[in-house]
Amino acid sequence: MYLGRIADGRNVRVGCHDAIVNQATFDATQRQLNSRRTNSRRRRVNHDNFTFRQKIVCPRCGRFLNTYQITKRHSLGAEIAYCYYRCRSTAGGLPPCQGVQYGAWDIEEGIRFLLNEHETWRTLLGPQASDQSIRQAMDTWRVLLWQWQHTWLRNSVERIEINEDRSTIAVTFSSDAGAAFLPENGCF
Ligand SMILES: [Zn+2]
């Protein structure tokens, strides 16, 4: 409602009313509200397992998905953490959306798949980037240490929107996401 949208079946679409706050303000407010939530019963989750915490929008209600982690002990004694994003928000007085749950690794794989695509890097590096600099950026990305990839993804992905009906995800990268990969900057 704040953004001028309405829930339409399983997705959110533009409504007939004007937005009263912009997207950036709305996102910042959601993050602040979520950070105040406390749940003493739950064990602390390892945020490193959730690259896109506070970035993924629930396809049904438009609120950010929460992180959820369960640890199972396997017969050989190893503990395995299962990580999910779920709609557990009660913000705005609305109940959480039942059944909205995505594996954290599945989402990350989807984003990494995008980063194997030439077109993604063309978008990230801008229209002035040559084919050669795009190829170089892709090669650099592939050989980056996992931890650096993780940090870059966390800093560069601003927003992820999932469309359940079409089984697509839309990713918003920060405007300077590609800058570190341009040869004149040479961060990597
Ligand atoms: Zn929801």
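Two strands pair if DSSP finds at least two bridges between them, and that rule puts Y68 opposite Y84 in β5. Welcome to a predicted model, in which local features need a pLDDT of at least 70, side-chain atom pairs count only at pLDDT 80 or more, and totals for chains, interfaces and linings use all residues. Residues are numbered from 1 along each chain as its sequence is written. Helices (H or I, at least four residues) and strands (E, at least two) are DSSP runs, numbered from the N terminus.

**Confidence**

- The protein chain has an average pLDDT (the predictor's confidence in each residue, from 0 to 100) of 86, and 90% of the residues score at least 70.
- Strand β3 (residues 56-57) has the highest confidence, with a mean of 96, while strand β1 (residues 5-8) has the lowest, at 75.
- Where pLDDT is low, the predicted coordinates should not be read in detail.

**Overall layout**

- The protein chain holds 5 helices and 8 strands.
- Of the 188 residues, 18% count as buried; a residue is buried if 20 or more other C-beta atoms lie within 10 Å of its own, exposed if 12 or fewer, and partly exposed in between, with C-beta atoms placed from the backbone.
- Two residues are in contact if their C-beta atoms, placed from the backbone, lie within 7 Å; among contacts between residues at least 6 apart in sequence, 46% join residues at least 24 apart.

**The β4-β5-β6 sheet**

- This open sheet has 3 strands in the order β4-β5-β6, and its pairing is antiparallel.
- Because β4 (66-73) and β6 (101-103) each have a single partner strand, they stand at the edges, and one side of each lacks a neighbour in the sheet.
- On average, neighbouring strands here are turned by 35° against each other, direction ignored; axes are lines fitted to C-alpha atoms, for helices over the stretch in contact, and angles run from 0 to 180 degrees between N-to-C directions.
- β4 and strand β5 (residues 79-86) run antiparallel and are joined by 8 bridges.
- I70 has Y82 in β5 as its bridge partner.
- A hairpin is formed by β4 and β5, with 5 residues between them, and G77 in the turn has a positive phi of about 100°.

- β3 runs parallel to strand β7 (residues 157-163), and 2 bridges join them.
- For V57, the bridge partner in β7 is E161.

**Backbone angles to look at**

- Most residues other than glycine have a negative phi, and most peptide bonds are trans.
- Q54 is not a glycine, yet has a positive phi of about 65°.
- Q54 sits in the loop between α1 (23-36) and β3, and counts as partly exposed because it has 17 C-beta neighbours inside 10 Å.
- S167, also a residue other than glycine, has a positive phi near 55°.
- S167 belongs to the loop between β7 and β8, and with 7 C-beta neighbours inside 10 Å, S167 counts as exposed.
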